[in-house]
Each structure stands twice: as C-alpha cells, then as structure tokens.
Amino acid sequence: MSFRADAAVSRLLEPYPPKAAQLIVTIYGDIVEPRGGVLWMGDLIGLCAGYGVNESLVRTAVSRLVSKGQLEGQREGRRSFYALTAPAREEYHLAAELFFGAPDEECDWIFTYCPHAADQLTLKKQGFVSLGGHMFAGADRPGRSHPGVAFKSRALSPGSDEFRQLVINSFGLGPLAAEYHRFLKNIEPLADEIHSVKSGQSALLLRVALVHAYRHIRLRDPRLPNSVLPQEWPGSAARQQFAELYIALSKLADAHIGQSFLNQAGPLPARPQPVVERLSSLAA
C-alpha cells in the first residue's frame, strides 16, 4: 500500500482538529520563528489549505492575532507579510524550549501564596495546582513565572510511594497519561511508514501536524520531577517518538521550506543555525 500523507495528517489531527489561529501559531512556531519570524501571507494561506483551512479563515485568524499583539503586518508592493512581534518572538522561543528542548530533568518545587485571580490563572497555565486557599504548588522549571510570595522546596523522600501517590492525585495525571497513550497510538503507524515519504511538501504537512498534536498535550503537562512520575510514564515515550519522527521528517521538510517559502528578502533559509540547534537538542 502506498503512503498517503493526507491520511496520516488526518490521523494525527483527528483528536485535536485545529482552529485557524491554533494552526497559524503552530506554523509560526515550527517554521517561521527560527527563520526570522516573517512569512508571506500567500505561503501561509497555501500551507493552511493543506489542512482544510480556507483563505477567509486564515485572514480572519491573522487579524485576530494582530489585534492580540502577536503578529504585525508589513507591505512590500502588492504582497503582505506578517511578522511576529518582539514579545511574541520571546514567547515562541520559550515555547520552543518546551517542545524541542532536552528531556525534563529532576527538579525542585515552587510553593507560592497567590491571592490575585489573574496571577492564579497564570500559575494554572504553567502547571501549578491549588493546595487550598491561595496556596499553589508546581515544578521549578526554567522560564516559569512565580507570581505571589514564592519559595523553593525540596522533598525529603521524593521517591516514596506515599509522596508519588499524593502528587499523582493532586495533579490529576490520569487523563494526561491517557492522552499521551492516544498520541503514541496515533503516531505508531507513521513511525512504520516514514521511510515512504518522498516529497518535501508531504513531509512538512506531516511535521506541522505532528507538532500540533504534541503541542496540544505538552502545553498541559505540569512537567513534574521524574522521581514522582508513575512508572513507565507515557510522556517520556511520547517525547522520544516525537523527537525521532520530527528529525526523520526534517530533511525533506526543511528543504521544501527553503525552496517554497518567502519573507521580504527572498526564500526562507532551509536550515539556519536555530534549526540546527533544535534538531541537535531533539537528538540528545
């Protein structure tokens, strides 16, 4: 049976059908940010069409991202280009560390007294949980903000069954584990078929779909210390499989980007240094 990229893309995205804005965020994070942050609107429309997102939806989503301060428009003659704003580039860079960085290592804990609702929402988005009242706890990971009155802590018996069970219950890891298992199940056939991908366009469509599916889960992972995770935690296997498939698709995908995507200066670089570093980090 011949490999069909469209069928594989549909399989990857079926649990997490992307809205236009979410897809554009994934595209800018995977393709555009490490290549300077600017892309021609026509290329964005063409790529989104590969996922069934039409031009009208793309333009509407881009307008909303502009209004949110993530993108800014630039004109060159009759062509429109959209660039990540400086704050957005910093945000995307931090997110890239989450998806493409080295595997999570053991870490300490952060406890914080945080009475303000907006700051509490920030903590929850970063994987913190409420301990009751205004107290929150989370893993001490780089790039996380610590609103409120915060202090570090280290568990005295981090590997004990009692402590591990307390953490599993507090952070509700059961549903997250189920999603990681589903992700692994969906990408298993792709791992067997990856050698059949022949075109750069197909490789890029698959890679963006892979990033989108993994991103959906990884953003909600509290990234707890390894010592408290359940045995054979599926997040570790998911990260390994994601890394292997991303690397396998990247030779064709990156070459296609260099041949087919534009900013104001011309074609985007196929494999600039930030992309080389990203691949090296995934291979570690």
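In the predicted model, helix α2 passes helix α3 in a right-handed crossing. The two helices span residues 20–32 and residues 41–49 respectively, and their axes come within 11 Å of each other while crossing at roughly 115 degrees. Helix α2 is therefore roughly perpendicular to α3, since angles of 65 to 115 degrees are counted in that class. On the side of α2, the contact is formed by Leu23, Ile24, Ile27, Tyr28 and Ile31, and these residues meet Leu44, Leu47 and Cys48 of α3. Sorted by class, this contact between α2 and α3 holds eight nonpolar residues, with no polar and no charged residues.

A second pair of helices is formed by α10, which covers residues 234–260, and α11, which covers residues 273–283. The axes of α10 and α11 come within 9 Å and cross at roughly 145 degrees, and the crossing in which α10 passes α11 is left-handed. From α10, the residues in contact are Arg239, Phe242, Ala243, Tyr246, Ile247, Ser250 and Asp254, whereas α11 supplies Val275, Arg278, Leu279, Ser281, Leu282 and Ala283.

The contact of α5 with α11 comprises four nonpolar residues, one polar residue and one charged residue.

Glu91 and Leu249 are separated by 158 residues in sequence, and their C-alpha atoms lie 25 Å apart in space.

The loop between α9, which spans residues 200–218, and α10 contains Arg223, and Glu232 lies in the loop between these helices as well. Although Arg223 is not a glycine, its phi is positive, at about 55 degrees. Glu232, likewise a residue other than glycine, has a positive phi near 55 degrees. In their accessibility, Arg223 is buried, with a relative accessible area of 14%, whereas Glu232 is exposed, with a relative accessible area of 77%.

The cysteines were examined for covalent pairing, and a search of the whole structure finds zero disulfides. A disulfide is a covalent bond that joins the sulfur atoms of two cysteines. For Cys107, the closest cysteine sulfur is that of Cys114, at 19 Å, and this separation is too far for a bond, because a disulfide is assigned to cysteine sulfur atoms within 2.5 Å. Cys114 is likewise in no disulfide, as the sulfur of Cys107, its nearest cysteine sulfur, is 19 Å away. Cys107 counts as buried at 12% relative accessibility, and Cys114 also counts as buried, at 0% relative accessibility.

Terms used:
Residues are numbered from 1 along each chain as its sequence is written. This is a predicted model: local features need pLDDT of at least 70, side-chain atom pairs count only at pLDDT 80 or more; totals for chains, interfaces and linings use all residues. Side-chain values use heavy atoms; hydrogens and water are left out. Axes are lines fitted to C-alpha atoms, for helices over the stretch in contact, and angles run from 0 to 180 degrees between N-to-C directions. Helices (H or I, at least four residues) and strands (E, at least two) are DSSP runs, numbered from the N terminus. Angles under 35 degrees count as roughly parallel, over 145 as roughly antiparallel, 65 to 115 as roughly perpendicular and the rest as oblique. A crossing is left-handed if the near helix is turned anticlockwise from the far one by less than a right angle, and right-handed if clockwise. Contact means heavy atoms within 4.5 Å. Ala, Val, Leu, Ile, Met, Phe, Trp, Tyr, Cys and Pro count as nonpolar, Asp, Glu, Lys and Arg as charged, and the others, Gly among them, as polar. Buried means under 20% relative accessible area, exposed over 50%, partly exposed in between (1.4 Å probe, protein chains only).
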